Amino acid sequence: MASTNLPFVAASPGRDDLHAFHSHDQGTVVGNSSSTACRICGDEIGRNENGEMFVACRQCGFPVCRPCYEYERREGNQTCPKCHARYKRHKGSPRVEGDEEDDVDYNDLEDEFQIKNTKEAHELHQSSPFTQSGNGDHHAPLWQPTRGAFSSIAGSIVSKDFEGEKEMYGNAEWEERVEKWKARQEKKGSSVHHDGKTGDDPVDADDYLIAEARQPMWRKVPVPSRLVNPYRIVIVLRLVILCFFFRFRILNPAKDAYALWLISIICEIWFALSWILDQFPKWFPINRETYLDRLTARYEQEGEPDRLAAVDVFVSTVDPSKEPPLITANTVLSILGVDYPVQKVSCYVSDDGASMLLFDTLSETAEFARRWVPFCKKFSIEPRAPEFYFSQKIDYLKDKVQPTFVKERRAMKREYEEFKVRINALVAKSQKAPEEGWVMQDGTPWPGNNTRDHPGMIQVHLGSEGARDIDGNELPRLVYVSREKRPGYQHHKKAGAMNALVRVSAVLTNSPFMLNLDCDHYINNSKAVREAMCFLMDPQLGKKLCYVQFPQRFDGIDLHDRYANRNIVFFDINMRGLDGIQGPVYVGTGCVFNRQALYGYEPPVSEKPPKMTCDCWPSWCCCCCCFTKSRRKTKAKAKSKKLGGLLGLFGRKKKKAISKFSRRREKFIQLEEIEEGLEGYEELEKSSLMSQKNFEKRFGQSPVFIASTLMEDGGIPAGTNPSSLIKEAIHVISCGYEEKTEWGKEIGWIYGSVTEDILTGFKMHCRGWKSVYCMPSRAAFKGSAPINLSDRLHQVLRWALGSVEIFLSRHCPLWYGYGGNLKWLERLAYINTIVYPFTSIPLLAYCTIPAVCLLTGKFIIPTLTSFASLWFIGLFLSIIATGVLELRWSKVSIQDWWRNEQFWVIGGVSAHLFAVFQGLLKVLGGVDTNFTVTAKASGDEDEFGELYLFKWTTLLIPPTTLIILNMVGVVAGVADAINNGYSSWGPLFGKLFFAFWVIVHLYPFLKGLMGRQNRTPTIVVLWSVLLASIFSLVWVRIDPFLPKQEGPILRQCGVEC
C-alpha cells in the first residue's frame, strides 16, 4: 500500500463542537460596467488613432471594443447588436464583403496586420485578460461575473466561428506574408517596437498569442440548412398527413371488426403523440467545437502558475462480484493519468458495499500508478487504462519516435501483468470470507465486515506528502470513501452515495467542478477534462452551465450490435437536438458538473439592455406603442416573484452571505459567536447573519461544509489541519446527516427514482441552468454494456422503472416546474423520457392485432378507395423520408438506426411492459423492487461468449408469445386463402404485411433465443417452419396421391329403390 501521512479513519461521529471555515477574500472586485467598457467582452473600449474614444456604431453609439467590432464584421452579421445597423468600415479595419466601393482607400495590407503605435499597443496590453494590476494581482476572466448590460447577446459572438487570421493560411504561407510585411515596413522606416524603437518587431508572436487567448474557446456549429431544412419540411408534411390519415380512419370504421378497429385507432393515436414528443425536440440540432490551444493560451501561460480550475472525479461502485475490481482499477488509473495539472485532480472512489477487496485493490492501484502515470505522460499514451491500451489491435509504434519506447513498453506490460496477477489473487482470496471476518494488514478487524451496519470509512491513498511517482513528480489525490450504514436508515442507493461524495470532496478539496463516472467507464481521451473546461471556464457561458455531458461509447459489443447497446440514435441524434434548445439530459455518467448548480442555487441572471422607447406620447401617458410591452414586463415580474420563491430563496441568501463573509478575516467562527455578535451589527447585517442558520437546515450540521458552499471559486481555507478535515469528512457521510435537510430534495442527486440522473438534470434545467453536449473527435469515455439478451432487458427494465417512478411523483414534467425557466421543447423531451414505458401497452396490442386478423379473417381497415390509399402511401413515404433525412444530417448509419427500431419493439413488449406494472405496484401498492446492478464484463472470457448465453427470465414471455401468434397467424391466413381461392388473396396481403412487420422487428430476439452462432442460423429455422407449414397445407389441398374419379358424376336421385 502506498505510504501516506494521513491515517485510515473509520468513525460514527456524535459530537457537538462544530466549527465553520470562512475563506479570505479572493479575486478582484469587479465594479459595475461603465460607458468605457465593452458590452460584449467587458474589456476597455480604447481609443482610435486620433486619441478619441472608439465608436463602433455611428448610429446609436453602442459601446463595443475594437476586437469585437472586427470580429463581428469578419465572422458575424456585420451589424450593431443594439440598433442592427450595418457597421461602417473604420480606418485601420480590413475590408470585408459588402463594404461600399466609394469607401476611403486605406492600405489594406497594413490594416490586415493592424499596425499599432506605442500608445495603442499599451492600451491593448492593459485591456488584455492576462495583465497585472498595480499591486501585481493577476486578473483571470473566468471568475469575474459577466459584465455589461448587453451581456445577453454575447452568445451570438461566442457561438460563431472566431478563427484568427493565421488559421486562414498555412504556416509557410503565413511566415512568408509576415516577412514581406516586415520588409515593406523596413523600407518605410515605420516598424515600431513597444519601447518606441524602430526595426524588426520582436513581440509580434506575443501579440498574436494575446489575440489568440482573447478568442472564444468553443464555437457552435449549426447543422447546414441544406440538410436540416428539408428534414423540418418533411416533419411538418408528416404531421399534416397524419391529420388526414386519422380523419379517414375515424370516419371509416371497420363495421365487421369494430373492436379491433377501435383498439387500433387508440394505439395509432398514442403512437402519433409519442412521435411528436420524440421528434420536435430534435428541431434545432447543433454541433460544437472546442479549441484546446486557446484554453492553454488563456489559463496556462509560460512562467506563470496555471489557472485552470480544479476537478474532483467521482467513481461509484457497489458490488465487486458484479463489478470486477480490475475494471475499477483501470478506470482509476485512467483518471490518475489524465492530461491535466496533477494538483488540480482528485479521484474519489465510493465503495457502497464496504468491500475490503476494493480497498486492497485501490492500495495496489496506487502503487502501480507510480510507474504507469509517468509512462503515459512521457509517451502520450491513449487510452490511459492499461487493460484497454495493451489489448488494442493497432500499430502501437505509430507516431512514436523515442528510441526507448519499445523497451519501456515491454517492461510496463510485464509490470501490468504482474499487477493483474496480484488483483486476481485478491479476488480469489475474497471468494470465501473467514468466520471471524476480514482482518486488515495491521491486524485490526475490517470495519465493513457487516455491509449493512458499519461506520464511515475514508482512506487517502495518494495526494499527501511523499505520494510521488518513480520520477519524483506529484500524483493526483486518490481517496477511498465508504459512507456509514445503519439499520433503519434509508440510504437511497447510488444517489445517496453520490451525495456523500459531494460532501466529502467539498470538505477535503472543494473543487468547483466534478466529473461523475461509473466504475466501468474509463477515460478514453486524456484531454476530456480540458474539453469540458472550454465550456465551463468560458467567461460568459460558464457561469450559466450546470454540466457538460459527453456521449457514452462502449467496448466489447458485437459487430452488428444485435440489441442496440451502443444507443447511437439517442446519443448522436436526440442529444444533439436537445443541445440546440437548453441542453442535453444527464445520463448518469461521463458528465462534468458545476458544483454550485448541484447545491440548488440559481444561475446568474444577465442584466437586460435598456429598451428603446418612443417619443410619440408623454412619459406619463399609457397609450403609447410601448404600453403593451411594459405591461407584459410588469406581469412577468409579478409572476416571477410569485413562483420563484423557493428557487431563489437560497440564491439570494448566498449572495448576502458571500458579501458578509468576504469582509470577515477570521478562519474559524463558532456558531455561538454568530449569535453573540448580533448586537454590534445593523439590522441588515443581523438578517444576513441570521440567514446562515437556515443553511444548516438546508445543507446539514457541518459549518465546514457550509463554508465551502459559499466559495464559488472552490478551494479550502489556508492553514487548515488535514486531520481535522478528515474527521469532518467522516461526519458528513454519517447515515443521519441528511435528516431534516434538503439533500435529495433540492440539493445534489435527487431521490425518488432509480434513474436519479434524469431527475437531477431536470431539476437543474427547471431552475434555468443550461447544459452542453460535447462530442470530441476521440471519444472522451468508454465503458462496457451487457450484450446478453436477458441482462440487456433487465438494464432497460431498470431505466423504464425509473421513468415510471418519476411519472407518478411530484417531479413529473407534465405538471412540475411551470413558471420556471424550462423551455417548452426541453419540457417535451423530458415528458418523452418518462412516458415512453407506457407505449408498451398499445405496442403489445398493436403487435397482436395482425395475428388476430389472420386467424379470424377480419381486418381493421375497410376497403380502400384510390383516393384514400393516397393517405396510406403518403404516410408510409413520409416515415421513410423522415428517417433518411435524419440519418443524412446526423451521419448515423442505417444499420444503427434499424437496430434501434428493432430493439424499440423488443424492449417495448417486454421490459417496458413489466416496468409499468412494477412501477404501479411500487408507488401505489408499496411493493418495492430490488435494484439490480448490471454485471460488467471482466474481459477474461471469450470476446462475445456472453452474447450467446441463454438466461431464462419472465421478460422473454411476451415477445416469445407474439412471435408464435404471428407465425401461426401467417400459416392460418395462407391456408385460408388457398382454400377460398384467388378472391381471398387480395385482403390477405395487408394482414401479412403487418404480421411480417412484427416478425422482422423481433428477429434479433429470435437470434437470442437460438443461442450460439455454430448452431443452425435463426433465419433458416424461421423460414423452414413457415415454408414447411405452408407447403403442408398446399399439399393437403392438392391431394396429389389420391385417385381422381373420372366419368359421370353420380348424385342421389331421391327415389327409393
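**Entry: an open sheet.** I found three strands in an open sheet, in the order β10-β16-β12, with mixed pairing. β10 (522–523) and β12 (553–555) are at the edges with a single partner strand each, so one side of each has no neighbour in the sheet. I took strands (E, at least two residues) and helices (H or I, at least four residues) as DSSP runs, numbered from the N terminus. Two strands count as paired if DSSP finds at least two bridges between them. As a reminder to myself, strands of a sheet pair through backbone hydrogen bonds, either parallel or antiparallel. I then followed β10 to β16 (residues 781–784): two bridges join them, and they run antiparallel. Opposite I523 I found F781 of β16.

**Entry: ground rules.** I am working on a predicted model, where local features need pLDDT of at least 70 and side-chain atom pairs count only at pLDDT 80 or more, while totals for chains, interfaces and linings use all residues. Residues are numbered from 1 along each chain as its sequence is written, and side-chain values use heavy atoms, with hydrogens and water left out.

**Entry: the loop between α11 and α12.** I went to the loop between α11 (356–379) and α12 (386–390) and found P383 in it. The peptide bond from E382 to P383 is cis, with omega near -10°. A385 lies in this loop between α11 and α12 too. Is A385 buried or exposed? At 0% relative accessibility, A385 counts as buried; the term means under 20% relative accessible area, with exposed over 50% and partly exposed in between (1.4 Å probe, protein chains only). Leaving out residues up to four places away in sequence, I listed N330, S334, W372 and Y522 as the residues A385 touches, where contact means heavy atoms within 4.5 Å. The C-alpha atoms of A385 and S334 are separated by 4.7 Å, although the two are 51 residues apart along the chain.

**Entry: positive phi angles.** Which values did I note for A354 and H492? A354 is not a glycine, yet its phi is positive, about 50°. A354 sits in the loop between β6 (345–351) and α11, and with a relative accessible area of 2% it is buried. H492, also a residue other than glycine, has a positive phi near 60°. I located H492 in the loop between β8 (477–482) and α14 (493–508), and at 28% relative accessibility it is partly exposed.

**Entry: cysteines.** How many disulfides does the structure hold? I found zero, taking a disulfide as a pair of cysteine sulfur atoms within 2.5 Å. For C591, the closest cysteine sulfur is in C546, at 7.6 Å, which is too far for a bond. C591 is buried at 0% relative accessibility, and C735 counts as buried at 16%.

**Entry: a nonpolar patch.** On the surface I found a nonpolar patch formed by F867, L870, I873, F876, L877, I880, V884 and F993, with about 810 Å² of accessible area together. Areas come from the Shrake-Rupley method with a 1.4 Å probe; for residues, only the protein chains shown count as cover. Patch residues have over 30% relative accessible area and no salt bridge; nonpolar side chains (Val, Leu, Ile, Met, Phe, Trp, Tyr) are joined within 5 Å, like charges within 9 Å. A salt bridge here is a side-chain nitrogen of Lys or Arg within 4 Å of a carboxyl oxygen of Asp or Glu. Helix α28 (residues 868–890) gives the patch its largest share, six residues. I looked up I873, which is in helix α28 and is partly exposed at 46% relative accessibility.
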